[in-house]
Amino acid sequence: MTFDNYQSLNPSFSTGNFILNSAGGAVYFTWSSTTPVTIGDDQMMELVFTGITGSSSLTWNTSVEGFCEFSDLNGNIIFDNYTNGNVIVYQPPQITSNPLNKTAPVNTSTSFSVSAAGTGLGYTWQESTDNGNNWNSLSNGSPYSGVNTTTLTINPVTQSMNENQYRCRVSGTCTPFVYSEAAILNVVPPIITTSAGSVTNSCTSNISVPIIASNCNNVGPYRWC
């Protein structure tokens, strides 16, 4: 924390001499007057700081004689007590890594991931089916899972998802929430699976081994391997 200034000084102090300054990480203020004042249970002032993420303790320096004292008009010290304070500054949400475009065959699984920094983060994945003009928040349920985590999983991928966009809305203890960049899902035809069958306990020299292909549609030249 860096001290900036003070504000909202109690009007009672306007009748005297008020001085405030800072040095060496401490704030010093004093007030004196020939006329006594009564503040009662009220705020004396507000100290204004510029802070960064983290925590800072606020302690009164009661160990130095003459510091932190109230006195009456005759200079008699008035017994008092000081309570230390603490300031916690939260970090607003910030995207540190955006999801990447993905290419996935029909009926397979794919995922999108995001990384963020901040305090009290929450995640909501969204989908756009019209090139990012409109966005809908997703809910867990086939084919989506992990919609409120850093990684959205889609299983299975369908042809209708081709060129859909996905982004993550990240919220936190501090406002406002932020959006990741959008990632595009490119859907390609199903994986062609080719397998060789097995033959066991053959009692003849004429052995037929079946070669089976799955999802082998609209293909051009093929080379044996």
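Predicted model: local features only at pLDDT ≥ 70, side-chain atom pairs only at ≥ 80, totals over all residues.
Zooming out, you get an open sheet of three strands, in the order 11-16-15, with antiparallel pairing. The edges are strand 11 (110-113) and strand 15 (144-145), each of them pairing on one side only. As a quick reminder, strands of a sheet pair through backbone hydrogen bonds, and that can be parallel or antiparallel.

G146 sits in the loop between strand 15 and strand 16. Buried or partly exposed, what do we call G146? With a relative accessible area of 21%, G146 comes out as partly exposed, because the buried class stops at under 20%. Setting aside neighbours within four places in sequence, G146 touches W125, N140, T151 and L152.

Next stop, S128. You'll find S128 in strand 13, which covers residues 122-128. S128 has a relative accessible area of 0%, so we count it as buried. What does its side chain reach? The backbone oxygen of N134, at 2.9 Å. Beyond its neighbours within four places in sequence, S128 is in contact with N133, N134, W135, N164 and Q165.

N164 is on that list, so let me follow it up. N164 lies in the loop between strand 16 and strand 17 (165-171). It's a loop residue, but at 6% relative accessibility N164 still counts as buried. Its side chain makes a polar contact with the side chain of E127, at 3.3 Å. Leaving out neighbours within four places, the contacts of N164 are E127, S128, T129, A183, I184 and L185.

Last thing, the surface. Which residues form a nonpolar patch there? Y28, V64 and F67, with about 240 Å² of accessible area together. Y28 belongs to strand 3, residues 26-32, and its 37% relative accessibility makes Y28 partly exposed.

That's my tour, happy to take questions.

Definitions and conventions:
Residues numbered from 1 in each chain as written. Heavy atoms only, no water. Patch = residues over 30% accessible without salt bridge, like charges linked within 9 Å, V, L, I, M, F, W, Y side chains within 5 Å. Areas by Shrake-Rupley, 256 points an atom, 1.4 Å probe, with all protein chains shown as cover. Salt bridge = Lys/Arg side-chain N within 4 Å of Asp/Glu carboxyl O. Helix = DSSP H or I, 4+ residues; strand = E, 2+ residues; numbered from the N terminus. Buried < 20%, exposed > 50% of the residue type's maximum accessible area, 1.4 Å probe, protein only. Polar contact = N/O pair within 3.5 Å; in protein donor to acceptor, adjacent residues only side chain to side chain. Contact = heavy atoms within 4.5 Å. Pairing = 2+ DSSP bridges.
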